Amino acid sequence: LYQDSVCSPESRQLVAEHLEECETCRAEWERMSAPIPTAHPQVEERTVAQQLEDYPLEKGSATAVYFYRLTCEECIQTEEEFMDSLPEQVEADGKSYPLQVVRINTRSGSNNEILQAFFEAYQVPEEDQMVPIVFTSQGYLAGYEDITQNLLPQLEAGAGLNFQYPG
């Protein structure tokens, strides 16, 4: 109770006086007050830029960054009916480019922080801050309908070229 500061002021005063006089109790108090060592190493916080290093960009490709959740019905539909059937190459500006779709599950690790950084960088209005969502070098597409109707035409118009992560 003394350690948690939940005893009465009178009891607190008595314990404090005793700790001043009793070496054994004072040593026990110091042991109890010391930080508890953990078996787990301290996890270092990573910046969004450092987290994005887990998703390297392929030079010379047309790139789209797709955010999803495994438990999201619209994400599952988008994945199965559209994302999985995208071509390996995209024709844009009269050239053929390999298509790189960076897939980021927002429920894994700190990936939601990455999504929030994209929302901020692309100035995504609150009503469009959802998954599934796809970002290209020229903007974003939010929701099943927008993605399935517009992603491929936009990539073919060059929207995936020269993609860089925000920040």
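Q: Which residue in strand 4 is the bridge partner of tyrosine 66?
A: First the general idea. Strands of a sheet pair through backbone hydrogen bonds, either parallel or antiparallel. Now the case here, in a predicted model. Tyrosine 66 has valine 134 of strand 4 as its bridge partner.

Q: How many bridges join strand 1 to strand 4, and do the two run parallel or antiparallel?
A: There are 3 bridges, and strand 1 and strand 4 run antiparallel.

Q: How many bridges join strand 4 to strand 5?
A: Here the count is 4 bridges, and this pair also runs antiparallel. Then look at the turn. Strand 4 and strand 5 form a hairpin, with 2 residues between them.

Q: In what order do the strands form the sheet?
A: The order is 2-3-1-4-5. These 5 strands make an open sheet with mixed pairing. Strand 2 and strand 5 each have a single partner strand, so each has one side left without a neighbour in the sheet. Those two stand at the edges. From one strand to the next, the twist averages 30 degrees.

Q: Which strands does helix 6 lie across?
A: Helix 6 lies across strand 1, strand 2, strand 3, strand 4 and strand 5. Against strand 5, helix 6 runs at about 155 degrees.

Q: Which residues have the most contacts inside the largest nonpolar core?
A: They are Val65, Phe67, Phe118, Phe135 and Leu151. The core has 36 residues. Next, ask where they come from. The elements giving two or more residues are strand 1 (62-68), strand 2 (89-92), strand 3 (95-105), helix 5 (111-121), strand 4 (133-136), strand 5 (139-142) and helix 6 (144-156). Strand 1 gives the most, with 6 residues.

Q: Is threonine 78 buried or exposed?
A: Read the relative accessible area. Buried means under 20%. Threonine 78 has 0%, so the residue is buried. Threonine 78 is found in helix 4. Leaving out residues up to four places away in sequence, threonine 78 touches Tyr66, Met83, Pro132, Tyr144 and Ile147. Take Pro132. Threonine 78 and proline 132 are 54 residues apart along the chain, yet their C-alpha atoms are separated by 7.5 Å.

Q: Where is threonine 106 placed?
A: Its place is in the loop between strand 3 and helix 5. Threonine 106 is buried, with a relative accessible area of 6%. Its contacts beyond four places in sequence are Phe67, Tyr68, Arg69, Asn111, Asn112, Leu115 and Val131.

Q: What does glutamate 156 touch, not counting residues up to four places away in sequence?
A: Glutamate 156 touches Val90, Glu91, Ala92 and Asp93. This glutamate is found in helix 6 and counts as partly exposed, at 44% relative accessibility. Compare chain and space again. Glutamate 156 and alanine 92 are 64 residues apart along the chain, with C-alpha atoms separated by 4.7 Å.

Q: How many salt bridges are there?
A: The count comes to 3. One joins the side chains of aspartate 54 and arginine 46, at 2.6 Å from N to O. Arginine 46 is partly exposed, at 40% relative accessible area.

Definitions and conventions. Residues numbered from 1 in each chain as written. Predicted model: local features only at pLDDT ≥ 70, side-chain atom pairs only at ≥ 80, totals over all residues. Heavy atoms only, no water. Core = buried A, V, L, I, M, F, W, Y, C linked by side-chain atoms within 4.5 Å. Buried < 20%, exposed > 50% of the residue type's maximum accessible area, 1.4 Å probe, protein only. Salt bridge = Lys/Arg side-chain N within 4 Å of Asp/Glu carboxyl O. Pairing = 2+ DSSP bridges. Contact = heavy atoms within 4.5 Å. Axes fitted to C-alpha atoms, helices over the stretch in contact; angles between N-to-C directions.
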